[in-house]
Amino acid sequence: MSPSAITPEPTFTVTPMKKTAEEKHDFGATVTGLDLNEISDADVKALSNLIWTHKLLVVKGQQELEPIKQWELVTRFDPTAPKVHSHGSVKTFNKEGGLLSKARDVYGIPGAENVRLVGKGYQGPDHYGLKEITVKKPLSHDWHCKPQAEGEFEAGNTRFQRWHIDAPLYARDPAYFTTLRCIKRPTEPQVNIRWDDGSGLEMKSEPGLTAFFSNVQTYELMSEEEKKIADHSWVEYAPHPYMWMGNCRGLTTGLGVATEGREKKLEELGDYDPKSVKTYPMVWVNPVTGEKAFMVHGICARKLFLRSSPDETPVVVEDVGEIRAFLKTIQERVLKPEYIMLPKVEEGDIIMWANWQTFHTAVDYPDSWGPRTMHQANIGASTSPVGPVPIPVAV
Ligand SMILES: [Fe+2]
């Protein structure tokens, strides 16, 4: 732990998560003894450093958290950021969200619009002012390129929905952290998550949890030659990326999309501001620990600029099939049960993760198992991700 990560001393308790002998993931901690309705500036700072250090925290016992306090906490993590959710207002999200808004209903909590209700099913007569809401568009598995066989999903066999970072990748920068409070979810029976890619891999989980892997570990699994390229290279994302790839279909593992010529042409995207197009380093350096994470959101990547040293002219890869093949060989190494964590979040717990260091995904379960209610909030960051080597473009 770096010195900045342990100063100031928090008033709450942090316990690193236990893992079994088979598990190789190396992140996550549990926080107890903290009331997020009444948190001091010193504890906000400590919490922030701990999220960077552990990549993921489960803060226990926040049943009484007021939605506006969740939003205030998010803004206190990044006080100079514009005070808006990283995906903009609910109206903008529903208009420009492309794949993201097509796939799910999202509601702002009245009086705390940047706190988003995500989940599925009936949310009760009055959910923090949202009356008689039934979330009708839960996560859809129909976006995978090969559907599950008839009856498999209802029997509890499921898939990772879509591995991602919470990032608009256009106009606003990705949030440092995302916060997600669990208000309601079923806890049984278990789902069986299948890769369905010929590997035969599968893992079990309680329903309604979120899966994570660490891209610091993705980076550690790369060869020295690959690391050298990644350290010096960068990615250009599509304008309005989720509209651009909105008709694409996901691979069965949820990691990456199939190359089927379904991307929109730029002229089909309507007006866009070239200055809002995002170009980021391939590797993002953790500002607290200095760790390197391989952070390429492949489904939105339109160009790769590859080089192995600062002075080299980069090779530009514009073929999306080539881009995806390059990323797949690197990113799927970590996509193994032993590197994936599904932190057990109980009702009232709030999970907070370093969005600049990890990938996450929802895992759907049959509607008949009961409703799910989560409050999600993050804020577009005040700074852009920084790579280990300066890249010759403004970010
Ligand atoms: Fe997400």
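Student: A strand is a DSSP run of E with at least two residues, and strands are numbered from the N terminus. With that settled, where does Asp311 lie?

Tutor: In this predicted model, Asp311 lies in the loop that runs between β18 (301-306) and β19.

Student: Is Asp311 buried or exposed?

Tutor: Asp311 has 6 other C-beta atoms within 10 Å. A residue counts as exposed when that number is 12 or fewer, so Asp311 is exposed.

Student: How far apart are Asp311 and His232 in space?

Tutor: They are 9.6 Å apart, C-alpha to C-alpha, although 79 residues apart in sequence.

Student: Back to the strands. In what order do the four strands of the open sheet come?

Tutor: The order is β15-β14-β18-β19, with antiparallel pairing. β15 (279-281) and β19 (315-317) each have a single partner strand, so they stand at the edges and one side of each is left without a neighbour in the sheet. On average, neighbouring strands are turned by 20 degrees against each other, direction ignored.

Student: And how many bridges join β14 to β15?

Tutor: Three bridges join β14 (residues 234-237) to β15, and the two run antiparallel. Within β15, Tyr280 stands opposite Val235.

Student: New topic: which residues touch the most other members of the largest nonpolar core?

Tutor: Ile51 and Phe294 do, in a core of 94 residues. At least three residues of this core come from each of domain 1 (3-216 + 334-378) and domain 2 (223-331).

Student: What is Ile51 in contact with, leaving aside its neighbours within four places in sequence?

Tutor: With those neighbours left aside, Ile51 is in contact with Leu57, Phe177, Met352, Trp353 and Ala354.

Note on methods
Residues are numbered from 1 along each chain as its sequence is written. This is a predicted model: local features need pLDDT of at least 70, side-chain atom pairs count only at pLDDT 80 or more; totals for chains, interfaces and linings use all residues. A nonpolar core is a set of buried Ala, Val, Leu, Ile, Met, Phe, Trp, Tyr and Cys residues joined through C-beta atoms within 7 Å. A residue is buried if 20 or more other C-beta atoms lie within 10 Å of its own, exposed if 12 or fewer, and partly exposed in between; C-beta atoms are placed from the backbone. Domain bounds come from an automatic or database domain assignment. Two residues are in contact if their C-beta atoms, placed from the backbone, lie within 7 Å. Two strands pair if DSSP finds at least two bridges between them. Axes are lines fitted to C-alpha atoms, for helices over the stretch in contact, and angles run from 0 to 180 degrees between N-to-C directions.
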